[in-house]
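Hello,

Here is the structure I promised to pass on. My notes follow below it.

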Amino acid sequence: MAKKKNPQKIYVKNPKIGEKYWFRFIGSWSFGVLIKRNPKLEEHYGEPWYTLETKDGMKYPISIFNIRKEKPIIKDNV
């Protein structure tokens with residue numbers, strides 16, 4: 001029997017292109033600028049996806065569930 005997924009929380013309801021956000025990618029938090037939406041990933045996964053770019057020029061595809069306005073407080077930060 002399959003497990004039920006817990007609903008994920010959206011922290012930024014309507015991210016704006018050009019604004020800076022914290023995002024989670026492969027288990028770590030980074031900071032970057034939202035540069036565009038990803039319609040192909042949205043079509044495949046059925047949820048909003050965006051591309052964020054860090055100050056060193058790396059671009060990351062990020063789901064709406066992994067974008068935050070402020071850096072999240074985690075045990076490593078305390």
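Is phenylalanine 31 buried, exposed or partly exposed? Phenylalanine 31 is partly exposed, because its relative accessible area of 38% falls between the 20% and 50% cut-offs. Please keep in mind that this is a predicted model.

**The sheet**

Five strands make an open sheet, in the order S4-S3-S2-S1-S5, and the pairing is antiparallel. S4 and S5 are the edge strands, each pairing on one side only.

Take S1 and S2 first. S1 covers residues 20-25 and S2 covers residues 28-37. Six bridges hold this antiparallel pair. Lysine 20 stands opposite valine 33 of S2. The two strands form a hairpin, with two residues between them. Isoleucine 26 lies in that turn and has a positive phi of about 50 degrees.

On to S3. Four bridges join S2 to S3, again in the antiparallel sense. Arginine 37 has tyrosine 50 in S3 as its bridge partner.

Then S5, residues 67-68. Two bridges connect S5 to S1, and the two strands run antiparallel. Here phenylalanine 23 faces isoleucine 67 of S5.

**Aromatic rings**

How many aromatic pairs does a search of the whole structure find? The search finds four. One of them joins tryptophan 22 and phenylalanine 31. That pair is tilted, at 5.1 Å centre to centre and 55 degrees between the planes.

The rings of phenylalanine 23 and tyrosine 60 form a tilted pair too. Their centres are 5.4 Å apart and their planes are at 45 degrees. This pair links distant parts of the chain: phenylalanine 23 is in strand S1, tyrosine 60 is in strand S4, and 37 residues separate them. Phenylalanine 23 counts as buried, at 0% relative accessibility. Tyrosine 60 is buried as well, with a relative accessible area of 16%. Phe23, Phe25 and Tyr60 make up one aromatic cluster.

There is also a charge over a ring. The charged end of arginine 68 sits over the ring of tyrosine 11, 3.6 Å from its centre.

**Threonine 54**

Where is threonine 54 found? Threonine 54 is in the loop between strand S3 (49-53) and strand S4 (59-63). Threonine 54 counts as buried because its relative accessibility is 13%, and the cut-off is under 20%. Its side chain makes a polar contact with the side chain of aspartate 56, at 2.2 Å. Leaving aside neighbours within four places in sequence, threonine 54 is in contact with Phe23, Ser30, Phe31, Gly32 and Tyr60. Two residues in that list, Phe23 and Tyr60, also belong to the aromatic cluster.

**The core**

Which residues form the largest nonpolar core? There are eleven: Val12, Tyr21, Phe23, Leu34, Tyr50, Leu52, Tyr60, Ile62, Ile64, Phe65 and Ile67. S1, S3 and S4 are the elements that give two or more residues to this core.

Isoleucine 64 is one of the core residues. Not counting residues up to four places away in sequence, isoleucine 64 touches Ile10, Val12, Lys13, Pro15, Pro48 and Tyr50. Val12 and Tyr50 from that list are core members themselves.

Phenylalanine 23 ties several of these notes together. Phenylalanine 23 stands opposite isoleucine 67, pairs with the ring of tyrosine 60, touches threonine 54 and belongs to the largest nonpolar core.

Best wishes

Methods
Residues numbered from 1 in each chain as written. Predicted model: local features only at pLDDT ≥ 70, side-chain atom pairs only at ≥ 80, totals over all residues. Heavy atoms only, no water. Pairing = 2+ DSSP bridges. Buried < 20%, exposed > 50% of the residue type's maximum accessible area, 1.4 Å probe, protein only. Polar contact = N/O pair within 3.5 Å; in protein donor to acceptor, adjacent residues only side chain to side chain. Contact = heavy atoms within 4.5 Å. Phe/Tyr/Trp six-rings, centres within 6.5 Å; stacked < 30°, edge-to-face > 60°. Lys NZ or Arg CZ within 6 Å of the ring centre and 35° of its normal. Core = buried A, V, L, I, M, F, W, Y, C linked by side-chain atoms within 4.5 Å.
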